[in-house]
Amino acid sequence: MHDRPPRIELCQPPEPGSGSVEAIDQQILFLLSQRFGLAREHDQVALQNDDARTAQLASIRRKAFELGIPVSLVTDFWDRMLDASAAMREQARKT
């Protein structure tokens with residue numbers, strides 16, 4: 001998947017309040033780095049269960065709809081993120 005785990009301690013949060021698209025993109029990357037770092041360390045067995053995963057994706061779809069952002073895009077992203085998190089946990093177990 002990738003060569004090494006995210007290094008949370010090396011990531012600095014972006015400057016708050018700039019409001020530019022670039023600043024928001026940097027915040028997204030920072031949050032993803034944190035999430036993948038935590039997912040690698042924490043075993044989320046419940047999300048490996050199909051029913052739990054389906055429930056989480058349904059919740060994400062509802063929230064995306066409430067926020068007025070593309071539901072299918074967010075659901076696809078979240079589904080891939082869950083797969084990537086599981087792959088990172090599996091990789092961590094092997095090392």
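Me: How many helices and strands are there in the protein?
Reply: This is a predicted model, in which local features need pLDDT of at least 70, side-chain atom pairs count only at pLDDT 80 or more, and totals for chains, interfaces and linings use all residues. Residues are numbered from 1 along each chain as its sequence is written, and side-chain values use heavy atoms, with hydrogens and water left out. Helices (H or I, at least four residues) and strands (E, at least two) are DSSP runs, numbered from the N terminus. Along the sequence the pattern is α-α-α, and the count is three helices and zero strands.

Me: What percentage of the residues of the protein count as buried?
Reply: Buried means under 20% relative accessible area, exposed over 50%, and partly exposed in between (1.4 Å probe, protein chains only). The protein has 95 residues, and the part that counts as buried is 21%.

Me: Among contacts between residues at least 6 apart in sequence, what percentage join residues at least 24 apart?
Reply: A contact means heavy atoms within 4.5 Å. Among those between residues at least 6 apart in sequence, the share joining residues at least 24 apart is 63%.

Me: Which helix supplies the largest share of the lining of the largest pocket?
Reply: On a 1 Å grid over the protein atoms alone, a pocket is an open set of points where a 1.4 Å probe fits, with protein on both sides within 12 Å along at least five of seven lines; lining residues have an atom within 4 Å of a point. The largest pocket has 14 of them, with I28, I69, V74, F77 and W78 nearest its centre. At least two lining residues come from each of α1 (21–41), α2 (50–67) and α3 (71–94). The largest share, five residues, is from α3.

Me: How many residues of that lining are charged?
Reply: Ala, Val, Leu, Ile, Met, Phe, Trp, Tyr, Cys and Pro count as nonpolar, Asp, Glu, Lys and Arg as charged, and the others, Gly among them, as polar. The lining has 12 nonpolar residues, no polar ones, and as charged residues two.

Me: What is the angle between the planes of F77 and W78?
Reply: Rings of Phe, Tyr and Trp (its six-membered ring) pair if their centres lie within 6.5 Å; planes under 30 degrees apart count as stacked, over 60 as edge-to-face and the rest as tilted. The structure holds one aromatic pair. F77 and W78 form this edge-to-face pair, 6.3 Å centre to centre, with a plane angle of 75°.

Me: Is S72 buried or exposed?
Reply: S72 is in helix α3, and its C-alpha atom is 7.7 Å from that of R61, 11 residues away along the chain. Because its relative accessible area is 60%, S72 is exposed.
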